[in-house]
Amino acid sequence: MLGPTRELTDQIARVVKALGHVAKCSSAVANAGGGLGEQGRALERGVDVLVATPARAWALAKSGALSLGDVSVCVLDEADTLCDASGNGKGGFKAEVAPLLAALRARDKKRATEAAEREEAEGGETTPLPPSFPLPRPCEFVLVAATVGGQSRRSLLSDFPGAKSAEASTLHRGAPGARHEFVKLGGRDRLVVLSEVVGAAASKKAKSSSSSSPRRVIVFANTIASARAAAHALDEAGMSPLSVHGEVPPAERASALEVFSSSAANPSPSSAAARILVCTDLAARGLDIGESGVDAVVNADFPRNAEDYLHRAGRTARGAGGLLFSSSNNSPSSPSPPPTQQKGAVISLVGGNEREKTLAARLAHALSTNQSVEGISGDKRDRPPTAKPRPETLARRAAESLAAKNKRRGVRGAARHGGGGGEEGGEAGGGIKRRPRSVRQTSTKR
């Protein structure tokens with residue numbers, strides 16, 4: 001099983017290990033969190049399930065510790081990210097996954113060729129194998145993704161032609177039970193508004209009196225520089241946030257996520273303020289934060305696309321029911337009363353950029369009406385899917401346009417293009433109007 005990041009593979013490995021006690025299967029994890037030699041020795045003892053990042057799995061295969069000939073199923077978690085070649089802020093892991101996929105496919109092709117040659121050498125008759133003989137099977141690829149729209153879908157179909165899909169009814173829809181709020185900056189300083197929004201979200205009382213766990217807020221930024229600026233602003237406001245991004249060492253990232261996920265009822269003063277996590281999209285995909293989850297997600301930078309918005313929003317309101325929506329242009333220090341069914345909040349700061357405002361408006365409409373956000377972009381030239389005409393409307397318009405063109409052509413032109421003549425058509429050629437020659441056309445040169 002392949003995952004894009006160390007944090008996600010560690011989480012998957014914990015789940016697989018817990019299931020292994022019931023399913024009676026062994027497992028191991030391979031990522032940058034351990035040494036190559038140590039992980040290779042674990043594979044030598046034999047495992048049923050290996051959870052790894054693509055780069056570490058390929059390194060183990062090249063060293064001989066991982067035998068790709070024994071792989072029967074390859075699962076790609078967050079497949080749209082693993083098969084993304086462009087990056088676009090999401091990783092661009094395709095270059096790391098490609099060697100593994102090529103090796104597995106080359107192995108299957110070689111086995112099929114050898115089987116065909118053996119059958120041809122035996123005169124078209126195959127020797128039956130005993131029941132206990134393990135018959136090699138082609139590797140089966142299983143792709144798992146929360147969003148597979150647009151470019152991601154085309155990329156997956158090109159890499160895995162003929163793949164069968166199974167989609168949930170909630171695909172590309174907002175996180176159930178979350179309140180989506182869009183706060184327009186209106187010329188105000190983004191970091192000042194961010195401090196107010198995060199402070200208000202972190203200080204809200206839990207609705208259930210039985211809940212004694214501290215509130216958790218995740219702040220997302222588009223770049224490492226923006227994440228560092230947001231963390232500095234929140235630290236100056238006395239909130240002491242934790243940080244998870246590409247410039248934070250892996251050990252510190254793991255420690256920050258562990259502290260953030262802690263469900264201690266009475267944390268120490270130093271960790272009480274550490275329930276705010278500032279991160280890039282490194283933490284947006286797949287991570288599940290503790291049993292009590294995340295109370296609010298704040299987008300310090302508006303996501304680049306609708307898919308990234310859904311992944312960020314998915315960190316809160318996990319397992320909740322119902323969808324709630326609100327929009328605010330007022331100061332975040334005086335938010336509107338939350339709905340009674342609210343299970344989490346997604347608060348996004350919207351600046352003055354036209355692409356940002358367009359994307360925010362279209363997402364707000366889709367989320368408030370519980371529509372799919374697939375295909376929504378911030379480009380005004382690209383109309384959202386809900387605003388596009390239906391196929392039958394397009395077909396009717398095309399037929400009407402063709403009929404209008406044929407009517408203007410007359411009998412002879414319509415005959416050449418397979419359409420009926422105009423009202424003046426009548427007899428063959430009798431109703432064709434000819435444009436009179438102008439005086440300039442009939443004049444002679446001097």
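Is cysteine 279 buried or exposed, and what is the relative accessible area of this residue? In this predicted model, cysteine 279 is buried, with a relative accessible area of 0%. Cysteine 74 also counts as buried, at 8% relative accessibility.

A disulfide is a covalent bond between the sulfur atoms of two cysteines. The number of disulfides in the structure is 0. For cysteine 74, the closest cysteine sulfur belongs to cysteine 139 and lies 5.4 Å away, which is too far for a bond. The cut-off applied to a pair of cysteine sulfur atoms is 2.5 Å.

Aromatic side chains were examined next. A pair of aromatic rings is described by the distance of the centres and the angle of the planes. Across the whole structure, the search returns 4 aromatic pairs. In one of them, the ring centres of phenylalanine 182 and phenylalanine 302 are 6.1 Å apart and the planes meet at 40°, so this pair is classed as tilted. Planes under 30 degrees apart would count as stacked and those over 60 as edge-to-face, so an angle between these limits gives a tilted pair. Phenylalanine 182 belongs to strand 5 (residues 178-184), whereas phenylalanine 302 sits in the loop between strand 9 (296-299) and helix 11 (306-313); the pair therefore ties together parts that are 120 residues apart in sequence. Phenylalanine 182 is buried, with a relative accessible area of 4%, and phenylalanine 302 is buried as well, with a value of 1%. Ring pairs join Phe182 and Phe302 with Tyr309 in a cluster.

Phenylalanine rings also take part in contacts with a charged side chain. Arginine 105 is placed over the face of phenylalanine 141, 5.4 Å from the ring centre. Arginine 105 also lies over the face of phenylalanine 160, and here the distance to the ring centre is 4.9 Å.

Helix 12 was considered along its length and at both ends. This helix covers residues 354-368, a run of 15 residues. From the first C-alpha to the last, helix 12 reaches 21 Å, close to the 21 Å expected at 1.5 Å a residue. Buried residues of helix 12 include Leu359, Leu363 and Leu367, and among them are also Glu356 and Arg362. At the start of the helix, asparagine 353 places a side-chain oxygen within 2.8 Å of the backbone nitrogen of arginine 355. Just after helix 12, asparagine 370 adopts a positive phi of about 55°.

Methods. Residues numbered from 1 in each chain as written. Predicted model: local features only at pLDDT ≥ 70, side-chain atom pairs only at ≥ 80, totals over all residues. Heavy atoms only, no water. Phe/Tyr/Trp six-rings, centres within 6.5 Å; stacked < 30°, edge-to-face > 60°. Helix = DSSP H or I, 4+ residues; strand = E, 2+ residues; numbered from the N terminus. Buried < 20%, exposed > 50% of the residue type's maximum accessible area, 1.4 Å probe, protein only. Lys NZ or Arg CZ within 6 Å of the ring centre and 35° of its normal. Expected span 1.5 Å × (residues − 1). Polar contact = N/O pair within 3.5 Å; in protein donor to acceptor, adjacent residues only side chain to side chain.
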